[in-house]
Amino acid sequence: MSPKAPSPNEASIQEDRWIPSACGICYNLCGIRVRRINGTVVKIEGDPNNPAGMGRICPKGAGGGIPLVYDPNRLNVPLKRTNHKKGFDEDPGWVEISWDEALDLVTEKLQQVRREDPRKLVYSQNLMRGTAPRLLPMFAAAFGTPNSIISNGHHCGNAEHRLAGLVHGVDTSQVDFDLCNYLIVFGSGIGASAYYAYSSLTQKMADARMRGMKLVAVDPLLSPIAEKADEWLPIRPGTDGALAMAMLHVLLNEDGLYDAEYLRGGTNSTYLVGRQGRFVRDQATGKPLVWDTPSGSARPFDEVEPKDAALTGEFTVGATAVRPAFVLLQERAKEFPPERAAEITSIPASTIRRVAREFGQAARIGSTITLEGKALPYRPVATMFFKGAHGHNNAWVSSMAMKWLNLVLGAVDVPGGLLGTNPVCLGYPQTGLPHWVPQLGPDGLVMASAWHAHSARGPEMTQPWPQREPKAPERLDLLDLFAAGSGGHISVLLTASDEAQRFGIPYKAEVLINEGSNLVMSLGNTKVVAEALKKLYVINLNLFLDETAHFADVVLPMASYLEQLTPIIGWHLQHTFPAGQGSWAEYIQQPVVPLAGQRRDPSEVLIELAQRLQILPGLNAAMNHVFLLREPYQLGLEEKYAWPDICDRVFKNFYGPEHGLEWFSEHGVLSWPKKLEEVYARPFLKYRVPVYLEWFPDLGRKTQALLDKLGVKDIPTAGYEGLPGWKPCGALEAKNASHDLQAIYYRVAWHQFSSTFENPWLGEVSSVDHWADCITINRATAERKGIKDGDRIWVESVRGDRVRGRAKLSNGVHPEVVAIANNGGHWSKHMPLARGKGVFFEALLPLDWENTDPVVTVLDCDAAVRIYKAKDQETGGRGWE
Amino acid sequence: MRYGMVIDLKRCVGCNACTVICKAENGTPPGILWARVLKLESGDYPARRVSLPVLCMHCQDPPCQKACPTGATVKRPDGIVYVDTAKCVGCRYCMMTCPFQARYFNDAVRGYFPGQGLTPYEVLKYQDHPAGVVTKCHFCKHRVDQGLQPACVANCMAKARYFGDLDDSNSEVSQIIRTRRGYQLHADLGTDPSVYYLPP
């Protein structure tokens, strides 16, 4: 039942409807229903029929839409730049033009680069739209360019995505909140202030805590999750890997708390390692050998009963001394006794030992649980990590350490443990679609079956296993060279400093199509990003004239998520949808208000552009591929289809002729229950996961050889390690006597990166929160430096980049840390409500090779800084230098 | 019959979804937050913090009602305390007597986009927010009268809010107050709030 409208008198109501749709404020795409009275949007709620959100919605979703739809500062008409000089202080000289003129201009430019070399086109997409199947990557494929910039790429999963692929066979991971009893969270707001499936996992996390799940939060800041934790472990930023290694040491070497049965049968722990860290292999089949204890001989891994395979010991095969891979892991962990980790992390050794021990004991190794009549392994513990912990240029080895804590206890894809985000989908019962099941790959290891399949980003997010060979780069993000990377800021680096040539790439980026990503504010050091944008002809589809649009040549007014049509099909299920028991759902994002002004749905714009560029056959082919369209729904290559017609085909293709666009427009969501074997993949599938990535050092050597050939000497490949570990991140190495603090970034529940700061409702929440718009500093540290609560201060990096804001003193932050929420501090005069709110963190991040982990192409997302009071006259302006 | 709310501080994650969903439901003007979340930090480093969501406590002996010279503050038989804006003259005595700072004065019709007029949403919603009167949470009485929960209860992601009849000893709110030792804020002031809290 719907509540009566409180406002207009009843006689004046001609229309009062609830329209089901999907939120588009962040990438989680929670189900919403939107109330419209006489054409005006009056309320957005969670859709109780959609398991994505389960009928409740976070503050961003509750308040993000209405002010966005009606913001008078939104773009309404196409604009053309008349001042071709670009810079922060240059007036672009915008003039309004018609759509026809805009499309003519854009077509001409695109035709020119397509004639020369289509790879000169780079595209970028607002991350908030990234997990819905958007047309821009398909357009790029049709155009013939592999080049993209992932907006906020360095705030993305990188190492976690690759490791989730190797361990769970899918893009991301979540905790089995229904059954987990002990959770350790490293640098993530899961179920508290951020992370995937946020609206759903907050409900599940609260239920789990009430049920008695112990929560340990490892975080430099007393963040919402630390606030709710049974135990908060304030850690020095960038050292989470060292803590995890010490815990592994306690489990593997001090207490012998590990799941030997799982390690023998479910991982490659027993594979014998010989010279140079390589497996010894069967000569005939090439399969890795394990030591068969009863026969006292080495035999192929799949010919030996797991219980008979040696997990420890030293053996000889031929003339080669060999040891099971597990021994290498044990030895690596020995490098991190808790006493050493205590010095690195600032967490006492006794605490590390106790937490590791509690965690290991809570895993109940050997126990089972009966669900739906089936006895399944029961490991009710999990560790999970995200950007705070792995947003550093030691991401690869550190992330392995944090992930491996689950592996050694067998707490992976079983009840109670860490679950892949839906690694198995057997499909809607009537059609069997969508469908993916991890496959058995080489060496018996799991192979993700639907790895980014629906994202149209196949080439850049290649399957984690088997590992693709690195090759001389032809792409601006260098993901052909850095074959385990995930995309992000590298295209910007190459463009800003004309580095393409250095890597032997025979072309330079020349045109950027940017669908709503505010790159200047979201990709690290803004001056570097600006240098890149100055070199490009920028076509910007946008909601606002934001700081990035300031560098555009043509700006096209775009529909917001409440004004556009998108089928929510495919990839979201493997990336942002709730894992664990429950239901599947695919659904629709649909217009609830007509397009104001001259705004257009970006999908329609791209189809129109494709037609003008005569690449429509390629776009249709890409849509057939990404949406898996089969007859009779397949698109004819030459034909131009209206976007709603394409959406209708997509829905019918997956869910049958009765479930077309009309059905989804009315009902919003199609949901069906998950099966047990979809939720807990491991007991039902015969695959192994790696504890030792034998191929990784080799990958590093091959990458190094390619770099040597190119004469590139400044990119270290030492990080290509096959075992977990830890090394200092760039900020830790840069810290010195004067720059003695680390600036870190965190996320509040009511803002999404930089993209919600124009929203006055969400901004108002920040204004009444003590911390969100300020720079949080440890009270004792601030007092030592003569800084008082409310002082205006500068935070300045080693390189002299600095940002200004108000100090907020707290006993809830590590003494060596200053913490800044989200990316505030907008300066565009066309976003008056965003302007000057919050602090612009990204300016502090160095955007360079030195602070990039080439393995997973992640940037160090903290910075060594000093702080000092701002002078009285230093007010206004941009708030950063 | 006495409507009351229970807020579980152990469940609450301080996300402010209540603050925002209240605004979306009731269309309150800028600066007026019928629901909001206080953050209380205590202790030396490493400190602890508690998120404390607050709203009108719907006191059963409401000092605001006694202070009101025009009878604009009304306590319904079901315990909901609301402001009848037609009777309010904006004297703000009630604001001075409220121990919970739950009341706001709407001094002028003002939208969220200063100098740019009212949005269609604001035009519609501000029919309920005339200028010159005092305003506060009314437990979403328009929803409650239709059998729905207040917006902040229905939407709370951490499921930290319960709503029901405090007079019924078998109701969920009564039971949970008993079993979890629920308490009122400033019970010592004797206003008998209808909002209870469960310890963190």
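Mentor: Setting aside residues up to four places away in sequence, Ser797(A) touches Arg802(A), Leu844(A), Ala863(A), Ala864(A) and Val865(A). The model is a predicted one. Ser797(A) is located in strand β31 of chain A, residues 792-797.

Trainee: Why is Ser797(A) called buried?
Mentor: Ser797(A) has 21 C-beta neighbours inside 10 Å. The cut-off for a buried residue is 20 or more, so Ser797(A) counts as buried.

Trainee: Why is Lys159(B) called partly exposed?
Mentor: Lys159(B) has 18 other C-beta atoms within 10 Å. A residue is buried at 20 or more and exposed at 12 or fewer, so Lys159(B) is partly exposed. Its phi is also positive, near 50 degrees, in a residue other than glycine. Lys159(B) is in the loop between α6 (151-155) and β8 (161-165) of chain B.

Trainee: What makes the peptide bond from Glu631(A) to Pro632(A) cis?
Mentor: The bond is cis, with omega near 5 degrees. Pro632(A) is placed in the loop between α20 (616-626) and α21 (643-655) of chain A. In chain B, a cis peptide bond joins Tyr45(B) and Pro46(B), with omega about -5 degrees. Pro46(B) belongs to the loop between β2 (36-42) and β3 (48-54) of chain B. Most peptide bonds are trans.

Trainee: Why is chain A called as compact as a globular protein of its length?
Mentor: Chain A has 27 helices and 36 strands. Its radius of gyration is 27 Å, close to the 29 Å that the globule rule gives for 881 residues, and therefore chain A is as compact as a globular protein of that length. Of those 881 residues, 64% count as buried.

Trainee: Which domains make up the division of chain A?
Mentor: Chain A is divided into domain 1 (79-148 + 451-557), domain 2 (173-420) and domain 3 (730-869). The C-alpha centres of domain 1 and domain 3 of chain A lie 27 Å apart. Their contact takes 23 residues from domain 1 of chain A and 23 residues from domain 3 of chain A.

Trainee: How many residues of chain B are in contact with chain A?
Mentor: In that contact, 46 residues of chain B meet 53 residues of chain A. The largest share of the side of chain B that touches chain A comes from α1(B), with seven residues. By class, that side of chain B has 21 nonpolar, twelve polar and 13 charged residues.

Terms used. Residues numbered from 1 in each chain as written. Chains lettered and ligands numbered in written order. Predicted model: local features only at pLDDT ≥ 70, side-chain atom pairs only at ≥ 80, totals over all residues. Domains from an automatic or database assignment. Contact = placed C-beta atoms within 7 Å. Helix = DSSP H or I, 4+ residues; strand = E, 2+ residues; numbered from the N terminus. Nonpolar A, V, L, I, M, F, W, Y, C, P; charged D, E, K, R; others polar. Rg over C-alpha atoms; globule rule 2.2 N^0.38 Å.
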